Amino acid sequence: MRLSSFLQSDNFSGWAFILPYLIAFVPLLLWPFFQGFWMSMHEWNLLAVTFNPAAKEFIGAGNYIRLMGADNLGWSLQPLWPFRLVVTALIIALYVRTLRSQATAGISHHFIAAIALFTTVVLLGLTGDWYDTRFWIVVRNTLVFVAWVVPVTTAVALLLAIALNREGRWAATLRSVFFFSQILSVTVVTLIWQLVYGARNGFIANLLAPFGIESPNWLTDDQLAMGAIVAATVWWSVGFALILFLAGLQQIPGERLEAATLDGAEGWRKIVQIIVPSIIRTVQFVMIMQIVLHFQVFGQSQLMTQGGPGDATNVWVRYIYQTAFRDSEVGYASAMATVLFAFMMLFSLIQFWVTKRQES
Amino acid sequence: MNQHALPRWVVIVVTLAAVVWLIPVVWMVSLSLQPNDLLSRTTANTFLGLVPVPFTLDNFQAILSIGDTPRWFLNSMLVAGGSTFLVLVTSTMAGYAFARIRFTGRSIVYPLVLAGLMVPEQVVFIPLYVMFADWNAHNSLPTLALPRVALPIGVFLMTQFFKDIPDSLEEAARLEGCGHGRIFWSIMLPLAKPMMMTLAIITFLYSWNDYLWPLVSAQRTDFFTITVGLAKIQGNFAQSQGLGQLMASGVLASLPVIILFLIFQKYILRGIALSTDK
């Protein structure tokens with residue numbers, strides 16, 4: 001083959017066009033990904049290896065065993081049980097109702113109900129004796145964080161989307177307002193909310209002062225700190241879910257709503273029986289996206305509470321960060337990152353399977 | 001769009017919620033415009049501190065004339081601008097190739113790149129740190145900017161976009177003997193302008209707001225981005241000391257994204273809808 005015809009071939013052009021991207025992709029994403037696995041199988045101290053590259057030791061699954069090394073796994077179902085009982089009953093009631101009203105109730109109904117049940121029954125019940133190492137504390141904290149942020153964000157965003165899915169200046173302005181907080185960086189969000197929660201001159205304290213009520217110390221109280229972080233996160237991330245829900249709502253045919261209104265379906269009944277089932281796929285998609293996203297929470301915990309008080313708000317990625325950069329144990333930290341990745345993959349796979357089943 | 005009138009109480013509740021939603025940001029801006037010595041006594045001067053009376057620009061003057069804030073701001077601009085530029089170049093080219101050139105290996109490389117969508121920064125930041133440390137490359141602007149270029153989201157968006165362009169547009173040029181370079185440059189790129197705009201804006205936003213990577217990579221304050229710098233001074237300031245300046249830094253750190261938001265809101269919304277497309 002002559003050189004000029006090779007230069008004009010699709011093979012050459014194709015590779016030439018993707019080359020600049022591959023130059024970034026291979027060393028900066030693909031390779032580190034596998035390197036992470038490799039590191040997780042070593043006893044690898046950052047400082048020691050910097051001085052002496054041979055100072056790492058292959059230990060196979062050692063780091064993973066160390067992670068799972070809790071010998072008294074098990075959980076108590078006691079705390080919060082009245083709350084969980086009510087929510088569980090509510091979920092079952094809603095589930096049965098949607099099943100009845102919709103002859104075509106699909107896999108997504110069962111799926112959402114299952115996730116909701118799992119969340120309330122299991123995740124919120126993980127306390128005390130389920131773990132015995134710090135790792136399991138931060139895993140539990142991350143799960144609790146996700147279990148609060150995702151349903152609350154979803155509910156708020158869905159209601160707002162239903163209210164704001166209309167033309168006119170009022171709805172457009174409010175859509176921008178609710179979306180706006182989404183574009184701020186985590187440092188700005190935590191800066192603002194730290195001040196809002198401030199015990200002495202915080203906004204909430206200022207608000208309560210005239211009534212003679214002393215504001216609790218939101219971020220240093222181990223009962224309140226997680227809730228405070230969750231609230232700030234919901235404020236930050238509702239906009240994202242809102243946009244996706246609005247896009248989903250646009251696809252509901254107007255006639256269906258029209259017909260429901262003529263049938264006398266109003267208010268809550270219309271929302272529960274018509275609107276939510278119509279966009280159930282979007283709801284499920286948005287929830288999974290958020291689960292994956294919020295598993296990676298870091299800045300809120302790092303900046304607002306420094307993981308405290310104690311380890312009450314320490315989360316998975318922050319623990320990885322601490323282990324790698326404060327304790328220099330990058331091998332062990334990589335093992336944690338790998339397990340985190342497996343968790344997130346699990347949810348992505350669930351999403352993938354569900355979508356596939358719905359399509360077929 | 002739903003055209004039924006909302007019940008009045010819903011309108012009122014949602015409007016009130018929107019007002020409450022804005023309070024934290026309004027408060028930050030307002031505090032940044034009040035004198036520091038007032039703030040050390042009270043943060044609720046006029047209307048819970050939501051109105052900047054007495055008014056001053058001293059805080060902004062102070063952070064712009066002393067300290068590292070201008071430097072961090074510039075770093076952020078260069079890092080976010082640089083990575084946006086590189087993302088645009090690499091992902092339009094790769095997107096074009098994946099969508100419109102049949103070359104050997106495409107069916108292996110493209111799925112591999114797509115699989116990269118699932119890998120978050122939090123999973124690769126330790127190996128990346130070790131790698132750049134081996135090269136002695138930390139504390140430099142390219143190191144801060146480059147990892148973002150590797151993220152496949154831009155390639156994914158551009159590939160989807162180029163796939164949808166009808167063949168007929170390309171056909172004519174092909175008959176005239178144009179190669180891929182010509183077709184890409186004079187037919188595809190002009191068509192892709194709105195898409196590139198969307199990609200550029202969301203890349204800039206995410207890059208500007210990135211916290212984890214600059215936190216681990218930049219140890220010297222000269223190489224902090226504004227996000228990391230702001231986090232640093234948050235930790236150092238006692239809550240009442242220099243509060244006005246702290247808030248002014250927060251406002252400054254948000255200024256570019258707020259401006260982008262005000263001008264390009266539509267592109268941002270579209271970018272989010274597209275980048276999460278199933």
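This tour walks through a predicted model with chains A and B, one selection at a time.

**Before you start**

Residues count from 1 along each chain as its sequence is written, and chains are lettered from A, ligands numbered from 1, in the order in which they are written. Because the model is predicted, local features need pLDDT of at least 70 and side-chain atom pairs count only at pLDDT 80 or more, while totals for chains, interfaces and linings use all residues.

**Stop 1: confidence in chain A**

The average is 80, and 83% of the residues score at least 70. Helices here are DSSP runs of H or I with at least four residues, numbered from the N terminus.

Now select residues 70–80 of chain A. Their pLDDT is below 50, and the stretch has 20 contacts in the model beyond near neighbours in sequence. Two residues are in contact if their C-beta atoms, placed from the backbone, lie within 7 Å. Next, pick residues 126–132 of chain A. Here pLDDT stays under 50, and the model has 20 contacts beyond four places in sequence. Where pLDDT is low, the predicted coordinates should not be read in detail.

**Stop 2: where the chains meet**

Show both chains. Their contact takes 73 residues from chain A and 79 residues from chain B. On the chain B side, 54 are nonpolar, 22 polar and 3 charged. Nonpolar means Ala, Val, Leu, Ile, Met, Phe, Trp, Tyr, Cys and Pro; charged means Asp, Glu, Lys and Arg; the others, Gly among them, are polar.

Zoom in on H2(A), residues 10–40, and H4(B), residues 69–100. They pack at an angle of about 140 degrees, with axes 8 Å apart. Axes are lines fitted to C-alpha atoms, for helices over the stretch in contact, and angles run from 0 to 180 degrees between N-to-C directions. H2(A) and H4(B) are therefore oblique to each other. For the cut-offs: under 35 degrees is roughly parallel, over 145 roughly antiparallel, 65 to 115 roughly perpendicular, and the rest oblique.

Which residues of H2(A) meet H4(B)? Select A:Gly14, A:Phe17, A:Ile18, A:Pro20, A:Tyr21 and A:Ala24. Their partners in H4(B) include B:Val89, B:Met93 and B:Phe98. This contact has 11 nonpolar, 3 polar and no charged residues.

**Stop 3: a helix pair inside chain A**

Select H7(A), residues 134–164, and H11(A), residues 225–249. Their axes come within 7 Å and cross at roughly 45 degrees. That makes H7(A) oblique to H11(A). The contact has 20 nonpolar, 4 polar and no charged residues.

**Stop 4: the two domains of chain B**

Colour domain 1 (8–66 + 228–249) and domain 2 (69–226 + 257–275) of chain B. These bounds come from an automatic or database domain assignment. The domain centres, taken over C-alpha atoms, are 34 Å apart. Domain 1 gives 7 residues to the contact, domain 2 gives 10. On the domain 1 side, H12(B) supplies the largest share, 4 residues.

**Stop 5: a last pair in chain B**

Select H1(B), residues 8–32, and H13(B), residues 243–275. They pack at about 125 degrees, with axes 7 Å apart. H1(B) and H13(B) are therefore oblique to each other. From H1(B), pick B:Met28, B:Val29, B:Leu31 and B:Ser32. Residues on the H13(B) side include B:Leu243 and B:Met247. By class, this contact has 7 nonpolar, 3 polar and no charged residues.

Notes. Helices (H or I, at least four residues) and strands (E, at least two) are DSSP runs, numbered from the N terminus. pLDDT is the predictor's confidence in each residue, from 0 to 100.
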